[in-house]
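Here are some friendly notes to read alongside the model. Take a look at the chains first, then work through the points one at a time.

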Amino acid sequence: MKEIIKMLVLSLLLFGFSAVILAAEEPDKYPSRPVTLTGAFAAGGSTDLTCRAIASVAPKYFSQPIITMPKPGGAGLVALQNLASAKPDGYTYHLGRPSEMSIAPFIEKVPFDMEKDFIPVGQVAQDRIVFSVYTNSPWKTIEELIGAARKEPEKIKFACSSPTATTRLGLEKFCYEAGIKLACVPFKGGTPAAIAVAGGHIPVLTSTVSEALPHVQRGDLRVLLTCADQRAKEYPDVPTAKEKGFEVNFGIWCTVFARKETPPVILGKFEELLKKAAEDKEFVAAMTKLGSEPGFVSAKDFAEYWVKERRWIGDIVRQVGLSKTP
Amino acid sequence: MDFYSLIFQGFSIVFQPINLFLCFFGCLMGTLVGVLPGLGPTAAIALLLPTTFHFTPVSAIITLCGIYYGAMYGGSTTSILVNIPGEAASVVTTLDGYKMAQDGRAGPALGIAAFGSYIAGTLSIVGLMFLAPPLARAALAFGPPEYFSLMCLGLTILIYLASGSMIKALMMAALGLIIGCIGADMLTNVHRFTLGIPELMDGVGLIPLVMGLFGISEVLLNIEVQVKQEILKGKIKNLLPNLQEWKHSAKPILRGSLLGFFLGILPGAGPAISSFVSYAVEKRVSRHPGKFGQGAIEGVAGPESANNAATGGSFIPLFSLGIPSNSVMAILLGALMIHGVIPGPSLMQQNPDLFWGVVASMYVGNIMLLVLNLPLIGLWVKLLRVPYAILFPLILLFCLIGAYTASNKIVDVYIMIFFGLMGYLLRKYRYEAAPLILAFVLGPMLEDALRQSLIISEGSPMIFFTRPISGTILVFTILLLLSPMLPKIRERRQVLPLDKKN
């Protein structure tokens with residue numbers, strides 16, 4: 001209970017503080033007060049832990065502290081609403097994931113335009129998607145699975161963490177390119193989905209590298225494909241989508257976003273911080289522990305990639321029948 | 001790793017200074033909420049959950065568990081000394097405990113409650129340690145159809161064991177199922193009953209719901225009744241029960257331990273029901289049932305052991321299958337998820353530190369509680385003298401802060417206030433909130449499992465009967481549903497009702 005009181009007093013103090021300083025802001029004095037970084041998932045989840053990892057290495061490279069604030073709810077809309085209503089002054093950022101930044105706008109009614117309202121500042125890490133099957137299933141390679149699925153469309157089931165999950169869209173994109181169709185069995189979260197496949201109740205799994213790993217090590221799952229251009233270090237023998245001729249280079253990225261109207265000078269300063277943080281030893285260790293792949297991608301490179309990504313996600317969402325707006 | 005090295009590892013985690021401190025802190029808070037009327041363990045755990053966000057998962061769960069079993073110890077103190085149960089599981093202790101205190105035997109009553117709690121608590125941890133791992137290994141055989149059948153069984157037992165009116169329990173469970181429907185549909189993502197509020201897309205939060213139904217409503221209810229803050233005068237002597245008293249209590253403690261442990265595993269039973277059943281059993285097997293209600297030490301020893309044994313048992317379905325068996329476990333399920341740990345079959349494999357650390361912490365915590373509750377009893381008695389005019393506004397304030405800090409959403413505060421008012425009315429008319437909470441948590445799990453199973457079977461409901469585990473559970477469920485029609489069992493059920501006392 002002391003903790004709560006302490007937090008209350010602290011936030012009151014902060015509030016008073018910021019009210020005084022808010023009056024005037026000049027880009028060359030940036031940063032002159034603490035910066036807020038939101039995430040769209042609950043405290044303690046991988047997004048929140050990534051936010052905290054950035055905040056914990058930031059003091060080495062940034063003169064002001066970063067305050068992390070998980071804002072879960074509404075498919076990420078609660079957090080985005082918070083960013084959209086903040087001043088475009090470089091003191092509020094959002095650590096975005098594909099689920100709310102690329103997928104939700106095609107599924108939910110959102111009160112903002114992703115391209116016109118938000119701008120990427122830099123990517124710091126990503127999770128890789130892998131497809132695996134139950135050990136006792138007959139398919140040893142991805143080609144065998146494709147062959148079986150061609151014979152019986154929509155008969156083979158796959159498990160995923162939710163109907164709108166990033167991992168599901170990765171698999172649906174792959175199916176589209178391979179010209180097959182599988183039936184989706186959504187679960188509440190990646191771990192229950194992986195357990196259902198490891199127990200042999202559902203044959204195919206689409207998940208992150210780390211969600212599949214414990215079951216692969218115990219011999220209950222066999223990984224068939226990694227959705228990337230390079231092989232995952234956890235599965236050096238598993239071919240990539242690129243090797244097999246599919247264009248499914250889709251990672252579950254962690255990218256910081258800001259209001260679009262934020263002055264470029266300020267965004268440049270924060271991008272510099274993200275670059276240094278992403279290469280920091282401590283940050284790399286924290287991400288590796290989470291099963292994520294740390295690595296910096298610049299705002300410019302990410303923006304180019306993001307446009308393409310949203311184009312194909314829009315197509316796939318419509319095909320799968322998740323879209324609300326026809 | 002073998003069994004012994006795992007236990008050893010668990011103890012090495014508990015004996016880290018920070019965890020030792022947090023275990024103590026949890027037990028202390030638990031005793032506190034147990035002693036103070038107006039806040040039970042469920043609301044207290046929900047309230048303190050946000051403060052554990054910065055801990056490691058093991059430390060967080062050690063703290064929260066400490067509150068749970070700590071409350072079972074503390075609850076008996078007020079029952080015996082003031083005739084006010086600190087929380088639901090100690091209601092039955094007032095019957096004989098307070099009588100004993102009036103006869104000047106408050107010391108032995110408190111003593112046997114604490115020792116009985118300690119013995120039963122420790123025995124149930126041994127049970128948890130041996131039963132949970134094999135069950136978790138077997139759990140991979142549980143797919144969606146098996147989970148569906150388990151949920152059906154759980155909801156059936158929940159109604160069957162509910163204290164008070166069965167119709168009212170059914171109504172509360174149905175209401176819980178309906179509230180559980182709010183949010184985005186798990187297959188098609190269509191919004192159900194969200195009223196266009198984005199925060200409701202993920203459903204009603206468990207924490208504001210619990211804090212409203214258990215915390216706010218309890219305070220509102222207590223403001224209404226004029227509670228006499230009269231505490232037994234005079235010094236409490238002879239905390240250590242004598243040989244004669246031990247002789248009378250030994251068997252009730254053992255029976256209470258076994259009974260509580262197995263009832264704890266069942267969904268819906270939990271500590272409160274266990275203590276009632278234990279009291280009924282002791283009265284039945286006793287050679288002098290007339291003494292019950294007149295200060296029989298068996299009537300304190302049995303129930304107080306049973307409610308502590310139930311805490312150990314209730315962890316089994318949570319840690320091995322990811323199914324909460326009572327409302328406290330439902331909150332712990334949420335707490336584990338917040339800390340990135342998914343409760344279920346893979347928990348013991350992926351987070352052995354967590355499971356064994358928590359188990360070891362319970363051994364340590366039970367010893368701490370014995371010390372907290374016997375030599376320091378005077379301190380708790382003093383605490384009972386805090387005027388309610390100060391206590392209740394404080395609890396309300398902490399609930400408001402707690403509901404907000406859990407997720408940084410003001411909507412959750414409104415939800416809590418809404419359910420607080422609703423809970424107040426429900427309890428005034430003797431509707432129990434526990435079936436609502438459990439159905440609220442089990443309902444969505446049931447729906448998911450049903451729909452997943454039907455996708456797997458391509459629409460055929462036969463999948464629930466043709467799979468051996470699922471079929472067995474369902475047949476058992478149906479038998480249980482039909483059993484109240486047999487007159488003999490209907491008679492037996494009438495032993496349980498809570499209302500009997502009033």
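1. A:Gly219 sits in the loop between helix H9 (209-218) and strand E8 (221-226) of chain A.

2. Before going on, a word on the ground rules. This is a predicted model, in which local features need pLDDT of at least 70 and side-chain atom pairs count only at pLDDT 80 or more, while totals for chains, interfaces and linings use all residues. Residues are numbered from 1 along each chain as its sequence is written, and chains are lettered from A and ligands numbered from 1 in the order in which they are written.

3. How confident is the predictor about chain A? The mean pLDDT (the predictor's confidence in each residue, from 0 to 100) is 86 for chain A, and 90% of the residues score at least 70. Over residues 16-24 of chain A, pLDDT stays under 50.

4. Now look at strand E7 (residues 204-208) of chain A, where five of five residues are buried. Helices (H or I, at least four residues) and strands (E, at least two) are DSSP runs, numbered from the N terminus. Strand E4 (residues 118-134) of chain A runs antiparallel to E7(A), joined by five bridges; strands pair if DSSP finds at least two bridges between them. Strand E5 (residues 157-160) of chain A pairs with E7(A) in the parallel sense, over two bridges. A:Val204 of E7(A) is the bridge partner of A:Val133 and also of A:Phe158.

5. Chain A is divided into domain 1 (25-126 + 253-320) and domain 2 (128-226), with bounds from an automatic or database domain assignment. Their centres, taken over C-alpha atoms, are 29 Å apart. Twelve residues of domain 1 are in contact with ten of domain 2; contact means that the C-beta atoms, placed from the backbone, lie within 7 Å. On the domain 1 side, H12(A) gives the largest share, five residues.

6. What about the two chains together? Here 34 residues of chain B are in contact with 38 residues of chain A. Helix H14 (347-350), helix H17 (388-405) and helix H19 (433-456) of chain B each supply at least two residues of the side that touches chain A.

7. In H15(B), 16 of the 22 residues are buried. The buried residues of H2(B) include B:Leu22, B:Phe24 and B:Met29, and the buried residues of H2(B) pack against H15 of chain B, among others.

Notes. Two residues are in contact if their C-beta atoms, placed from the backbone, lie within 7 Å. A residue is buried if 20 or more other C-beta atoms lie within 10 Å of its own, exposed if 12 or fewer, and partly exposed in between; C-beta atoms are placed from the backbone.
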